[in-house]
Amino acid sequence: MPRHVLIPLDGTPASEHALGLLEGQADKDTLEVVLVGVWEPSEAALGSDHVLRARATPVLSCVKANLESYLAGVERRLSNQGIKVESRCLFGDPQREIPLLARQEGIDLILASPGGLSGPRCAPPPARWCHTPCPIIAA
């Protein structure tokens, strides 16, 4: 098993399926896990309308707080099992942000369910993920 693993999560049970592969690992001492949640704001939140953008700021803050809280709970769950884990909350296009984070963190493997890769639907990893710096296992 690779040492440095990235797991994208979106809060759905399908996205957490990849966690089950880690939880049964015997060699947890050398494993380092980075959990990542990426939220892609709607066009209205990012548009040029200053009134909409001003109203979107509290919404974005609330979404970020909820995502951070969810990731912290998963982080505690894995940490209690002896897995070294940290989490990141990002905004943007998941297909761009996740490979970028993998490159920055020196990730050996992206371990994700289809839900964690592309939202709550069953699909293979997007074709644009071919440019990740490491292998992807869709669990």
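Student: How many helices and strands are there in the protein chain?

Tutor: This is a predicted model, so keep that in mind. The protein chain has five helices and five strands. Starting at the N terminus, the elements run β-α-β-α-α-β-α-β-α-β.

Student: Which aromatic pair does a search of the whole structure find, and why is the pair called edge-to-face?

Tutor: The search finds one aromatic pair. Its members are Trp 39 and Phe 91, with ring centres 5.7 Å apart. The limit for a pair is 6.5 Å, so these rings qualify. Their planes stand at 85°.

Student: What parts does the pair tie together?

Tutor: Trp 39 lies in strand E2, residues 32-39. Phe 91 lies in strand E3, residues 84-91. The pair therefore ties together parts that are 52 residues apart in sequence.

Student: Why is Trp 39 called partly exposed?

Tutor: Its relative accessible area is 28%. Buried means under 20% and exposed means over 50%, so Trp 39 falls in between. Phe 91, at 32%, is also partly exposed.

Student: What makes E2 mostly covered?

Tutor: Count its residues: six of the eight in E2 are buried. For the protein chain, 40% of the 139 residues count as buried.

Student: How do you know that E2 pairs with E1 and with E3?

Tutor: Count bridges. Two strands pair if there are at least two bridges between them. Five bridges join E1, residues 4-8, to E2. Eight bridges join E2 to E3. Both counts meet the cut-off, so both are pairs. E1 and E2 run parallel, and E2 and E3 run parallel too. For examples, Pro 8 stands opposite Val 36 in E2, and Glu 32 has Lys 84 in E3 as its bridge partner.

Student: Is Arg 88 buried or partly exposed, and how do you know?

Tutor: Arg 88 is in strand E3. Its relative accessibility is 24%. Buried would need under 20%, so Arg 88 counts as partly exposed.

Student: What makes the link between Arg 88 and Glu 86 a polar contact?

Tutor: Their side chains make that contact at 2.6 Å. The limit is 3.5 Å, so the distance passes.

Student: Which residues does Arg 88 touch, not counting residues up to four places away in sequence?

Tutor: Among them are Val 34, Leu 35, Val 36 and Gly 37. Leu 71, Leu 101 and Glu 105 are touched as well. Arg 88 and Leu 35 are 53 residues apart along the chain, with their C-alpha atoms separated by 6.2 Å.

Student: Which residues touch the most other members in the largest nonpolar core?

Tutor: The core has 17 residues. Ile 7, Leu 9, Leu 19, Leu 22, Val 33, Leu 35 and Leu 78 touch the most other members. E1, helix H1 (17-23), E2, helix H3 (50-79) and E3 each give two or more residues to this core. H3 gives the most, with four residues.

Student: What does Leu 78 touch, not counting residues up to four places away in sequence?

Tutor: Leu 78 touches Leu 19, Glu 23, Val 33, Leu 35, Ile 83 and Val 85. Apart from this core lies another, of eleven residues, including Leu 101, Ile 107, Ile 110 and Ala 112.

Technical notes:
Residues numbered from 1 in each chain as written. Predicted model: local features only at pLDDT ≥ 70, side-chain atom pairs only at ≥ 80, totals over all residues. Heavy atoms only, no water. Phe/Tyr/Trp six-rings, centres within 6.5 Å; stacked < 30°, edge-to-face > 60°. Buried < 20%, exposed > 50% of the residue type's maximum accessible area, 1.4 Å probe, protein only. Contact = heavy atoms within 4.5 Å. Polar contact = N/O pair within 3.5 Å; in protein donor to acceptor, adjacent residues only side chain to side chain. Core = buried A, V, L, I, M, F, W, Y, C linked by side-chain atoms within 4.5 Å.
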